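Let's look at this model together, one question at a time. We will start with the space inside and then turn to the ligand.

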Amino acid sequence: MAKVLVLYAHPRPDRSEVNAPMFEAAQSLDGVTAVDLYADYPDLGIDVDTEQARLVAHDVIVFQHPLYWYSAPAIVKEWQDLVLEHGFAYGHDGDHLAGKWILNATTTGAKPEAYSKGGVNHADLRSLLIPFEKTADLCGMTYVAPFVLHGAGRAREENRVQMHVEAYRTLLTALVSDRVDLAKASRAIALEGDLTPFLLQSEIA
Ligand SMILES: Cc1cc2nc3c(=O)[nH]c(=O)nc-3n(C[C@H](O)[C@H](O)[C@H](O)COP(=O)(O)O)c2cc1C
């Protein structure tokens, strides 16, 4: 069994149509520690010791957030800047995160085709999130492809929210029970739609 830490960052959760129900689902799952960063640190006064202890106690870290300006909302950067200290996350004796897995669970306003070489962003989402991947590399963690819902602004009217929340629940539950093919997921461009190809056999049944 793996211990999964969800670090949720949404500056306006009251307006969220997708991330809020996703986080609610995460909070209800055994084996998942669900942390609302903006609720815990409304003034961005992050408690480094608490956050480092949480990291050490978990195997899989999930940053859950809407995509804001091709990245995560500001508190995630503040969290990275303060929590991933030299001597803890990297550098001399900085091996506390080595061997853990990390991913972004994110939603975008733009449609899937925008996140492709031929689309308006000229790159897929994983490429745009490269600072997260390089940070993971430096800390000895393995970066897993982002779990994503594109076109999130229209998901409610198109009845796509519930399916995505269920897929998130499936993903988190499978992570807890070591039933995600993490090696395969770490090589993928994105985890979206049908997650079956990334689930080990016993999870599919
Ligand atoms: C400040 C801000 C920046 C945003 N930047 C992006 C962006 O870079 N790319 C994109 O596709 N959508 C962007 N969006 C749209 C959000 O990603 C979208 O509203 C969100 O994923 C919807 O999820 P929610 O219902 O949980 O808030 C942005 C929205 C805001 C408010």
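Reader: Which helix gives the most to the lining of the largest cavity?

Author: This is a predicted model, where local features need pLDDT of at least 70, side-chain atom pairs count only at pLDDT 80 or more, and totals for chains, interfaces and linings use all residues. Residues are numbered from 1 along each chain as its sequence is written, and side-chain values use heavy atoms, with hydrogens and water left out. A cavity is a set of points, on a 1 Å grid over the protein atoms alone, where a 1.4 Å probe fits but cannot get out, and its lining residues have an atom within 4 Å of a point. With helices taken as DSSP runs (H or I, at least four residues) numbered from the N terminus, the one that gives the most, with 3 residues, is helix 6.

Reader: Which residues lie nearest the centre of the largest cavity?

Author: The lining of this cavity has 13 residues in total. By class, 10 are nonpolar (Ala, Val, Leu, Ile, Met, Phe, Trp, Tyr, Cys and Pro), 3 are polar and none are charged (Asp, Glu, Lys and Arg), with the others, Gly among them, counted as polar. Nearest the centre are Phe63, Gln80, Ile102, Thr135 and Met141.

Reader: How far is the polar side-chain atom of His10 from an oxygen atom of the ligand?

Author: A polar contact here is a pair of N or O atoms within 3.5 Å. For the side chain of His10, the distance is 2.7 Å.

Definitions and conventions. Polar contact = N/O pair within 3.5 Å; in protein donor to acceptor, adjacent residues only side chain to side chain. 1 Å grid on protein atoms, 1.4 Å probe; cavity = no way out; pocket = protein on both sides within 12 Å on 5 of 7 lines; lining within 4 Å. Helix = DSSP H or I, 4+ residues; strand = E, 2+ residues; numbered from the N terminus.
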